[in-house]
Amino acid sequence: MSDNAEERQTVHNAPVLLRQSSIALLPQVSQIPGALVANPTTAVTLENMDQPEITIEDNEGPPSSSPGLRPIRLSVPSIADGETLDHLQSETEEVASSDNEESETNHLTELLQNLMAHDSGKSRNLGTSSLQPSNIVCDEEGDIDEDFIKSRFNPDKLDSSEVFHHKLKQFFVLSSAGKPIYSLNGSDDTVMGYMGLITTIVSAYQENMKTEFSHISQNGFQLVVQNKSPLILVLISKVAYETGFSSDHSKSTLERQLQSIHTYLVSVLSAPVISRSYERRMNYDLRKILSNQDIAFLDSMNMKMTYGFSVHDNDQFYLDSSFYISHMLGSALRCVRTTHTTRSKVSSILLSAKKLTVKETASDTTSIISKASMSETKRHLAADLLFGFVSVKEKLLTHIRPSQHELLNEDINMLLAIISFHYGSANHQDSADLWIPLCMPNFNNSGFLYVYVRRFNLIGYDEPLSLILLAANKNSFFDLKQVGLYIIQRIMDNKHLKSALRSELISMGDTTKVIKELDCHYIKHFIYRRKDENQYLMDDINFSTTGEDKFDNVASFLQILYFYTTLHNTKSTTIKQGDGTAKKLTYTRWQRKDGWITGFLLSNKVYDFYCLCGGSVQAHDIIEQSLRIIKWVEKYKKRHFIGKGITF
């Protein structure tokens, strides 16, 4: 049975390119009387279930009639084989598993019903009801419209204190001596006073209190400082969904944002270069070795970490839900959804490139008198290749690595973001190759890896694919270019693989069809994160950023990110069972002017499952449909996640 046939057991018709507009994530007007905003609830826990581990086969199997997994066929034992008891035991286990699933569904439903009843009771006792505020990013009245976005969100380098103080988010990078290096908003003259004040506070804590100054939190205001001597990184936030939760939780989220800025600076400069620059002169201006493109990347990254979008020239918005959600989930990797067979074939082609050789002719002179003899030798073109990736946008299709080394998610996400930014710049063509020296701070912060990137297209699929090869030798550009051409040629020459890859990227690009076939109509959007490798499955959150409605669409986009952020940041309590395992349930509801949104989080040691439900939905429907999707994701986990990559 082919992999596609296997999926038809769950989804009767192969998914087609049927993108659901993200505005559908926001519900229609509900008929529920009254209005209610539920406070975040504490989590309750249940006994966990053991989950299978992700495995990736290194060897490419024989081609099948259609791409996909080839499930193992189990023969039914006969009485003559003497395996009757085993067969009966298997049937008994299936019945027991079904009973356990039903028991789990009933137990979770009962708990969620109690939480919903508790929230409804609190609303009745208060005798009041309220709508979700139209402005979800600050306490001000008014909608998130064009004027608000331009005045409160968009980066502005003008020398104006009024414009500067009106912004909701500030990022600063300065030296230990107080020299400005980077600011999201304002000119040097505008921010210089902040630099001096921050340097004084940090020095006072170090000298007088023998500790590091870290943060201040008060009334919707957060100031977070990280001392990465000789650099100091500072963040000021007045964004409601970053400051409206517990101080420790908000602080950790904001600290990750500062860590991302430091990671980028080390990526493009390396730690030794930064240190040596200030060893010679403490008031050194690091901007001398940073380009305008570096500053533009920091602006874009800081906007996406805060609001999920960046602003290009002429007020062009670039919505990037992947970057925001990845950062929210702690540098989680997003993977391309495709069949395991297709992924394995692409991986096999990458691995075969390690064996690629080229003939070289060398002169072997034995003596001055004797005639020079010529001998042929073979040289491996990919001898310097350390890591290889194939990606679509900022999602990974596959990657290879040495068995003794691996890149952490933070480094991989930064690599993908830098590549995406380079190709998105106005002066760069998609057809041009990239050659970028980058330091991977969590791999080796003292040296550089050299990144070769080449893009290629599949006819009939709109998005280009990127081949990314990393080597430690700065002189390996031409070798990696030949390796890249070989890999792409192998993919394009394999008509069956090319056709399967194209059709799967189109048909499996989102899960709208699958959710419909699974009869999970209440769930409008979901995120499934697998904890072991910190990888997640999610559909894009798409809105049009052109036309007259683009600012309204940006506001709707922000609302969805706000729902997930609130659900993620909701404080919860974990109760462990006797065997040490636990399951966490978190539930939150919002009422908008046009209806209800219900946020639900189910978590155990294997996964986190987030979902947004629209309209009037009962506890049993949320639990049953959530478990149905979770079971589907786990059943086809090799399609959804790449694991730790293929090793060589």
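1. Basis. The model is predicted, so local features are given at pLDDT of at least 70 and side-chain atom pairs at pLDDT 80 or more, while totals for chains, interfaces and linings use all residues. Residues are numbered from 1 along each chain as its sequence is written, and side-chain values use heavy atoms, with hydrogens and water left out.

2. Strand β1. Helices (H or I, at least four residues) and strands (E, at least two) are DSSP runs, numbered from the N terminus. Buried denotes under 20% relative accessible area, exposed over 50%, and partly exposed in between, with a 1.4 Å probe and protein chains only. Strand β1 (residues 169-175) is largely enclosed by the rest of the structure, because seven of its seven residues are buried. Lys169, Phe171, Val173 and Ser175 are buried on one side, and Gln170, Phe172 and Leu174 are buried on the other.

3. Partners of β1. Two strands pair if DSSP finds at least two bridges between them. Seven bridges connect β1 with strand β5 (residues 231-237) in the antiparallel sense, and Leu174 stands opposite Ile232 in β5. Strand β2 (residues 180-183) also runs antiparallel to β1, with three bridges; here Phe172 faces Ser183. Four residues separate β1 and β2 in a hairpin, and Gly178 in its turn has a positive phi of about 90 degrees.

4. Helix α5. The 21 residues of α5 (residues 188-208) should span 30 Å at 1.5 Å a residue, and the end C-alpha atoms lie 29 Å apart, which agrees; the expected span is 1.5 Å times one less than the number of residues. Thr190, Val191, Met195, Ile198, Thr199 and Val202 are buried in α5. They cover an arc of only 135 degrees around the axis, which puts them on the same side of α5; the arc is that of the directions from the helix axis to the C-beta atoms. On the face turned away from the buried side are the exposed residues Asp189, Gly193, Leu197, Thr200, Glu207 and Asn208.

5. Surroundings of α5. Contact means heavy atoms within 4.5 Å. The buried residues of α5 pack against α4 (161-166), β1, β2, β4 (222-228) and β5. Lys210, which follows α5, has a positive phi near 55 degrees.

6. Nonpolar cores. A nonpolar core is a set of buried Ala, Val, Leu, Ile, Met, Phe, Trp, Tyr and Cys residues joined through side-chain atoms within 4.5 Å. The largest has 52 residues, of which Ile261, Phe389, Leu415, Val451, Ile468 and Leu470 touch the most other members. Helix α12 (residues 409-424) gives the most to this core, with nine residues. A second, separate core of 41 residues includes Ile144, Ala332, Phe551 and Ile560.

7. Contacts of Ile261. Leaving aside residues up to four places away in sequence, Ile261 touches Phe171, Val173, Leu233, Leu298, Met301 and Asn302.

8. Backbone points to inspect. Ser229 and Pro230 are joined by a cis peptide bond with omega of about 10 degrees, and Pro230 lies in the loop between β4 and β5. Asn219, in the loop between β3 (215-217) and β4, has a positive phi near 45 degrees and is exposed, with a relative accessible area of 76%. Asp519 has a positive phi near 60 degrees and counts as partly exposed at 46% relative accessibility.
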